[in-house]
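Subject: Structure handover and notes

Dear colleague,

I am passing on the structure below, together with notes on what was found in it. Please read them with the model open beside you.

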Amino acid sequence: MSEQENSWINNPALGGIDPAKLQTLLAMARQAQGMSQSELMPFLMSASQSQDGEMSFNKDETDAIINALKSGRSPQEIRKIDRILSIMKTAGKSIAASH
């Protein structure tokens, strides 16, 4: 993963997030590198389904992370991020409704 791809982790907006959480995010980003969109969706859905005792992120942390990831990206990349988030939200609602 290049320095530019890691630059989001140093965004000042993430200053209030536990450094251990940020390191977990960085490790996940490294795992996801090179995945196609069809591979990325199951990976992100799995990662977003917190199990007992696992790390989770509150809404403010999640919003800060998303904004940091969008920072400095092209409009096309931002649209792709938004599309993935929309799919994840929709999938999350259908998972919650089935339980």
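A salt bridge is counted here when a side-chain nitrogen of Lys or Arg lies within 4 Å of a carboxyl oxygen of Asp or Glu, and the structure holds three of them. Before they are described, please note that this is a predicted model, in which local features need pLDDT of at least 70 and side-chain atom pairs count only at pLDDT 80 or more, while totals for chains, interfaces and linings use all residues. Residues are numbered from 1 along each chain as its sequence is written, and side-chain values use heavy atoms, with hydrogens and water left out.

The overall fold

The protein has five helices and zero strands, where helices (H or I, at least four residues) and strands (E, at least two) are DSSP runs numbered from the N terminus. Of its 99 residues, 21% count as buried, a word that stands for under 20% relative accessible area, with exposed meaning over 50% and partly exposed in between (1.4 Å probe, protein chains only). Among contacts (heavy atoms within 4.5 Å) between residues at least 6 apart in sequence, 67% join residues at least 24 apart.

The salt bridges

Asp63 and Lys59 meet in another, at 2.8 Å from N to O, and both lie in helix 4, four residues apart, or about one turn of the helix. Asp63 is partly exposed, with a relative accessible area of 30%, whereas Lys59, at 60%, counts as exposed. Lys70 also forms a salt bridge, with Asp82, at 2.5 Å between the closest N and O atoms; here Lys70 belongs to helix 4 and Asp82 to helix 5 (residues 75-98), twelve residues apart.

The nonpolar cores

A nonpolar core is a set of buried Ala, Val, Leu, Ile, Met, Phe, Trp, Tyr and Cys residues joined through side-chain atoms within 4.5 Å. The largest one has ten residues, including Trp8, Leu14, Leu22 and Ile65, and the elements that give two or more residues to this core are helix 2 (19-32) and helix 4 (59-70). Leaving aside neighbours within four places in sequence, Leu14 is in contact with Trp8, Ile9, Leu22, Ala64, Ile65 and Ala68.

With best wishes
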